[in-house]
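Colleague: Could we go through the backbone and the helix packing of this model together, one point at a time?

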Amino acid sequence: MRKALLALLAVAVAGAAVFYLLTMPPAAEPASALPAHTPDLANGKYVFTAAGCAECHAVPVKKCDDLKTNDKVTLAGGRCLKTPYGTFHVPNISPDKETGIGNWTTVDFVNAMKHGVAPDGSYLYPAFPFGSYQRMSYEDLIDLKAYLDSLPAVKNEVPPHELGFPFNIRRGLGLWHKLYVNGESFVPDPHASAELNRGAYLVTGPGHCTECHSSRNLLGGIVKDTEFAGAPNPEGKGSVPNITPSDDGIGDWSEGDIAYLLETGNTPDFDVIGESMAPVQENMAQLKEEDRKAIAAYIKSLPPRPDAVPKSEQKDKDEEEGDAAKSGSDNGAKQPEDSH
């Protein structure tokens, strides 16, 4: 009996040692790794818009899941993201030195964006889309940090994430990082046009479109074969659409249709986008026309894929939402102000 217990203890110790080694945070990039670059605040603001920073980090008007914000530059956090893994509370990224990122250096910021690690070496949760932001150029990240530093500092302590076991073990994220994070910047395709490469950079980097429009596996990693082909809504309401040029997606849309949607929010069939896509579109409308055209060109160049979410699941979700809305109407219940 004693030998068995000792053997189990030895296995446990060995397992803990392997876990410790596999989940060690990557070595932080030193300041010397950054290029010599004078921060450009105007470009930093542009990148801030393209990356949709305000949509997560600006203070919600009322409830923590309210899509509306008081303004785009009060980045005190407070939004909550409800996912199958638990509820994430979006942090304060204002330049406040106590509750925000005012004490972060530029290289601290780059390590967070490219490697998903905080200045103290702890892992950041991928609800923060550094899996896409890692593709951004150093110059854009330097400009973005300088712009964030120019915004109002707001003192606001955000609640800790509410996650169940094992997702509350932050160290375990090291295994996820090993699979999905390498910190490599976007590399232009030498065989593609400058327009396509610009579109690819905006979509896969700051725009982080794959984060919502792609399905994920049990580990929460994006399934490469379903990139851009739609996904279940992580907050449980409906599904995120397929934006590949397939019959299930937007195959009958022209590049002009896509660019027009990004500018106006209007689809080719005279519908108007809403809910969580609305603020994204509002950001896209502020980009240069040539950048919206570049995004459209890249989206049209994607491989056409069938819907990643089965039609039966989409139908079930639509019916559930319809029943809930009907029930609320029948009971004379007031609908939430942030519903669309």
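Colleague: In which loop is Pro 166 found?

Modeller: This is a predicted model, in which local features need pLDDT of at least 70, side-chain atom pairs count only at pLDDT 80 or more, and totals for chains, interfaces and linings use all residues. Residues are numbered from 1 along each chain as its sequence is written, and side-chain values use heavy atoms, with hydrogens and water left out. Helices (H or I, at least four residues) and strands (E, at least two) are DSSP runs, numbered from the N terminus. A cis peptide bond with omega of about 5° joins Phe 165 and Pro 166, and Pro 166 is found in the loop between strand E3 (162–163) and helix H7 (173–180).

Colleague: Does His 208 count as buried or exposed?

Modeller: Most residues other than glycine have a negative phi. His 208, although not a glycine, has a positive phi of about 40°, and its place is in the loop between helix H8 (194–204) and helix H9 (210–213). Buried means under 20% relative accessible area, exposed over 50% and partly exposed in between, with a 1.4 Å probe and protein chains only. Since its relative accessibility is 19%, His 208 counts as buried.

Colleague: And what is the relative accessibility of Phe 270?

Modeller: Phe 270 lies in the loop between helix H10 (255–264) and helix H11 (277–284), and its phi is near 70°, a positive value in a residue other than glycine. Phe 270 counts as exposed because its relative accessibility is 79%.
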